[in-house]
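The stops below follow one another, each with something to select and something to look for.

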Amino acid sequence: MIRITAQPKCSLTLAAVFVCFLLTGFKATAQVPSDNNDPRAKEITTAMDNSAEEWNKGHLDAFMDMYDPSATMMMPAGPAGLDAIRSLYEKSYFKGGMPKQNLRYTDMKVRFLGRSYALLTGGFTLYGNGLPERSGRYSLVMAHTKHGWKILHDHSS
């Protein structure tokens, strides 16, 4: 007769895995929840698309209007303020008052962090003018102000 006995160590491990599974709510997805059906999300994504249009026209001031005056951007040395953000765009992405390449945003997902704050994630692509296409991802902390939705913090890579 073959006798099978459970090892206590194995039973405890299985029980721990089962408890962890229950605590996660059975979610096994890497996708971030999106609030894109909220009308405020449409305000944010429309403002971002409008800012890309301003970039493409060479209107850096209008593009920069998307940023709150207190905005920061994560740079290699750490967070930098609005003057450094503008300087980066002028020196690295513009020439003669026009962008070196056009800009478009994709895959925008809005996740609200209360009534007046949101996390916007998505992709960006720089394209055109005979240069290689460059793309990356971003996460922006947005705040609703009396002037509309503004970027408080920009982390792009």
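Begin by selecting D61, R86 and E90, which are linked in a network of salt bridges, a salt bridge being a side-chain nitrogen of Lys or Arg within 4 Å of a carboxyl oxygen of Asp or Glu. This is a predicted model, in which local features need pLDDT of at least 70 and side-chain atom pairs count only at pLDDT 80 or more, while totals for chains, interfaces and linings use all residues. Residues are numbered from 1 along each chain as its sequence is written, and side-chain values use heavy atoms, with hydrogens and water left out.

Next, select D107 and R137, whose side chains meet in a salt bridge with an N to O distance of 3.1 Å. D107 belongs to strand β5 and R137 to strand β7, so this pair ties together parts that are 30 residues apart in sequence. The relative accessible area of D107 is 42%, partly exposed, and R137 also counts as partly exposed, at 44%.

Then move to D38 and R40, a salt bridge whose closest N and O atoms are 2.8 Å apart. D38 is partly exposed at 23%, as is R40 at 25%. How many salt bridges are there by this rule? The count comes to seven.

Now turn to the largest nonpolar core, which has 29 residues; such a core is a set of buried Ala, Val, Leu, Ile, Met, Phe, Trp, Tyr and Cys residues joined through side-chain atoms within 4.5 Å. Select F63, Y67, Y89, Y105, L120 and M142, the members that touch the most others. Among the elements that each supply at least two residues of this core are α2 (39-57), α4 (82-93), β5 (102-112) and β7 (134-145).

Finish on Y105, and display its contacts (heavy atoms within 4.5 Å). Leaving aside residues up to four places away in sequence, Y105 touches M48, D49, S51, A52, F63, G123, F124 and Y138.

Notes: Buried means under 20% relative accessible area, exposed over 50%, partly exposed in between (1.4 Å probe, protein chains only). Helices (H or I, at least four residues) and strands (E, at least two) are DSSP runs, numbered from the N terminus.
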